[in-house]
Amino acid sequence: MAATELSGKAVGLSVQRADGIAKVTGRARYAGDIELPGTLFGRCLRSPHASARIVSIDARRARALPGVHAVLTGADVPDTRYGRLCKDIPLLAKGVARFVGEKVAAVAADSVEIAEAALELIDVAYAELPAVFVPEDAMRPKAPVIHPEAVEIAAGAATRSHGELRMYPPIPNVISRFTMRHGDVAAALARAHRIFEHQFAVPSVHQGYIEPHTCLVSIGVDGLVDVWVANKGPHIARGHMAEAIGVPEDRVRFNPVAIGGDFGGKGSLMDTLLCHCLARATGRPVRFVMNSFEELTAGNPRHSAAITLRTGVDADAKLLAIEARVIFNAGAYAGFIPAPTLHGGYAEFAGAYRVPNCALEVLRVYTNTVPRGHMRAPGAPQVAFAVEIHIDMIAHEMRLDPLEMRQRNAITDGDLTPHGETRRHLRCRETIEAGARAFGWHRPKPPAVGRGIALYEHPSGSFGRSTVTLTLGSNGRFTLMVGSPDTGTGFHTIAAQLVAEHFGVAAAVVDVVQGDTLTSGFEAGSSGQRVTTTVGQAVAAAAERMKQDLTALAAERLNCAPGDVRLGEDGSLAAAGATIGLAPLMSWAAARGKAPLRCQGENDPGRPNDRTSFVAHFAEVAVDTETGQVRLRRVVTAHDVGTIVNPLTHQGQIEGGLMQAVGQALSERIVLQDGAVITAHLGDYKLPTSMDIPELETVLLPGGSGAAPFATTAIGEMSNVALPAAITNAVFDAVGVRLLELPVRAEQVLEGLSDRAGAA
Amino acid sequence: MRRITLTLNGASITREVQDSRLLVEFLREDLRLTGTKESCGVGVCGACTVLLDGYPISACLTLAVHVHGCAVTTIEGVAEGDRLHRLQEAFLAHGGLQCGICTPGQILAAKALLDANPHPTRAEIQHWMMGNLCRCTGYYKIIESIAAACGAE
């Protein structure tokens with residue numbers, strides 16, 4: 001790979017966030033901060049039953065309450081079903097409610113208080129139906145079928161994998177069944193020295209964004225529907241909304257707002273379609289804000305999963321074959337995710353290792369529980385937890401150091417991935433080694449202190465269309481218009497740095513604005529750690545076109561041929577001994593009606609990356625053997641990285657992701673009881689606080705193989721995936737208690753300790 | 001309805017409010033000071049933190065009538081005109097924010113700490129900030145920002 005030459009003025013600097021001042025002064029505007037005259041407040045009545053027929057709804061008393069402007073039930077809303085891929089979510093329950101928390105009726109009123117009072121006055125008669133809460137029950141031949149009717153699937157959606165996908169196969173309640181084979185598993189297992197089989201369970205966790213789902217819909221007199229919503233991909237959401245309400249896309253405008261955290265959870269329309277129905281019914285703007293109880297009980301948390309791994313190794317503990325079965329609990333609706341199944345459930349199931357023979361089955365299954373959605377690296381934290389504990393267990397049985405086990409099986413150049421694909425410049429071993437050195441893997445340790453390791457591999461996202469518009473004004477400043485929000489990652493700041501780098505100028509002369517969906521080009525939005533790469537390539541295309549226009553302009557100004565013009569430092573242009581700066585050139589152009597310059601750049605990635613990145617996490621825990629309490633003392637996280645656009649935001653992604661993993665490892669769990677979420681309060685659902693942070697050392701291995709144009713690699717989904725396994729492995733190392741499900745709970749550790757004491 | 005008088009961000013104001021009006025609603029909806037954010041609504045997350053006579057409180061758990069006669073500081077009152085407070089500068093320079101939704105509350109909680117204890121240790125900062133949840137940063141850079149603002153270490 002050719003060394004990437006950088007100007008030293010933009011890419012590689014910790015440029016201050018473009019949205020920073022607005023955010024530290026309280027001036028950033030989120031969807032909940034937008035005020036429109038006459039706005040009404042929407043609230044929903046939700047089902048108390050996991051599965052019930054709605055016998056009757058009497059809303060007369062609610063409608064009569066002063067200050068109530070509309071009450072809608074299933075009978076009052078269109079039959080449209082919404083979904084990002086599987087269109088199965090009704091606007092309001094129609095005839096049947098499928099989970100505790102499903103929307104059954106909606107009210108728009110002068111205040112939230114009045115709306116909530118109105119909900120109390122709606123009488124719903126339910127007849128309870130049989131319910132299923134776990135996939136194993138839901139898939140039984142005689143199980144109640146949650147969606148007996150055919151579910152429409154959005155056109156053009158296909159898995160990008162070369163496995164076999166069946167949507168709605170003939171197994172009760174199964175949404176998708178994905179299978180993939182590579183090599184000859186049966187033959188490999190037949191000659192294996194030993195075979196290991198383990199089962200793992202990973203519960204649902206909530207994305208934990210601090211801004212709840214919020215939307216505001218206003219219908220103009222001309223019929224234009226204006227939307228302000230906490231959504232990370234406004235162009236895609238706009239398309240879904242236009243289709244659902246039956247208008248052309250240009251009659252719906254999603255307006256730019258700041259997003260108060262996404263982490264995968266804000267890709268759907270959530271309440272927006274219902275909000276539109278209420279706005280239409282009342283002729284007034286309507287705002288919906290989910291409260292935290294609704295977020296935890298009826299949002300779209302991460303899929304829970306049950307994972308079975310069966311692996312054969314040779315006498316040297318080299319992996320010969322893996323058979324994996326992953327069952328994701330999707331809850332009552334499939335429509336919150338844009339894919340048939342969870343990408344991480346197959347792509348990453350053994351990504352860091354050389355496994356010549358693989359067989360994988362991934363099922364996504366309806367149950368009468370809260371619908372599940374995407375969360376940061378969808379599917380990967382569940383599967384990585386299983387794989388990384390399984391590898392540790394094999395190492396233990398084979399009397400091998402867990403580090404050595406991983407080094408021995410780490411994928412290297414020339415190996416096929418478990419999918420049978422090839423990737424280049426693999427630095428898995430180097431990443432492990434660098435982390436182990438910083439961590440002091442082999443150093444002596446006190447009793448009841450343990451160390452664990454876990455790996456993860458993931459390429460930068462190379463999918464989804466991007467369009468950007470780059471403008472160079474008469475004052476020599478650039479403006480980049482993008483079509484999706486900065487969800488907090490620093491995406492807009494990074495986009496400014498990328499523009500600046502192409503022209504050798506400082507990022508401070510580039511403004512990034514988010515256009516609404518009428519004025520900005522299509523942008524797929526923030527997902528799958530794609531924006532730095534994919535939007536970066538659209539930026540490169542726009543910059544390339546603008547350089548041509550600039551060159552032509554400079555040639556005219558300097559009286560030379562365009563071919564003689566060279567782009568110099570600070571964006572200046574030079575030819576035949578004469579040099580002109582950007583600002584004077586553009587000022588000259590403006591006087592002749594030739595400014596601003598405006599160029600569009602597009603990127604439509606045709607194929608996934610053949611480059612990838614690795615991370616190795618090392619965790620050290622101390623276990624209190626009297627209480628089972630686990631304290632995370634220290635973490636070393638080693639990352640295989642390419643060019644880092646902004647070191648400050650890059651490190652911010654690592655640290656934020658790590659603490660989400662710490663929550664998943666040690667405290668977070670959505671607990672279901674008879675199908676209902678009972679961790680319905682942030683007191684019961686414990687997010688990590690500033691007191692929970694471990695001592696942290698980050699090791700970056702620069703020089704990784706990144707994507708064009710500046711050899712960047714993604715970081716957004718690298719740090720949150722595998723750490724829970726490292727922590728759980730460390731608990732085993734500390735006290736010999738092997739836990740096969742998350743989170744690590746003191747009760748289970750204590751139980752394990754007493755079992756061990758009993759056995760001794 | 002009740003008439004309340006308070007000092008808001010240094011200026012005295014008098015307003016009529018309903019007895020049941022929460023301070024967060026009073027600030028956001030009646031006064032249109034939307035820098036104060038509401039998230040959990042139950043006093044756990046700290047997003048709605050404002051200062052009441054210099055002490056951090058959850059505006060989602062406080063009735064507006066209770067602040068009668070008190071001094072309230074919101075994020076809109078932290079900078080002096082265009083001159084940012086050293087905490088705001090430090091949060092920008094040290095990456096103490098990402099999505100920004102918790103940031104007003106973080107900065108106000110930190111301000112209360114520094115006003116009372118200008119040179120806290122890192123452990124004191126960590127402990128003090130425990131009531132303000134952040135899902136983006138993992139807290140490291142928030143703690144670094146506050147430490148930098150008071151020249152800790």
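In this predicted model, B:Leu52 finds its bridge partner in strand E5 of chain B, namely B:Val72. This pair belongs to the contact between E3(B) and E5(B), the latter spanning residues 71-73, where two bridges join the strands in the antiparallel sense.

Strand E4 of chain B, residues 55-58, runs antiparallel to E3(B), and four bridges join the two. Among the residues involved, B:Leu51 has B:Pro56 of E4(B) as its bridge partner. E3(B) and E4(B) together make a hairpin, with two residues between the strands. The turn includes B:Asp53, whose phi is positive, at about 50 degrees.

Turning to the meeting of the two chains, 41 residues of chain B are in contact with 47 residues of chain A. On the chain B side, helices H2 (86-93), H3 (103-116), H4 (122-128) and H5 (140-149) each supply at least two residues. The largest share, four residues, comes from H2(B). Sorted by class, the side of chain B that touches chain A holds 24 nonpolar, 13 polar and four charged residues.

Technical notes:
Residues numbered from 1 in each chain as written. Chains lettered and ligands numbered in written order. Predicted model: local features only at pLDDT ≥ 70, side-chain atom pairs only at ≥ 80, totals over all residues. Contact = placed C-beta atoms within 7 Å. Nonpolar A, V, L, I, M, F, W, Y, C, P; charged D, E, K, R; others polar. Pairing = 2+ DSSP bridges.
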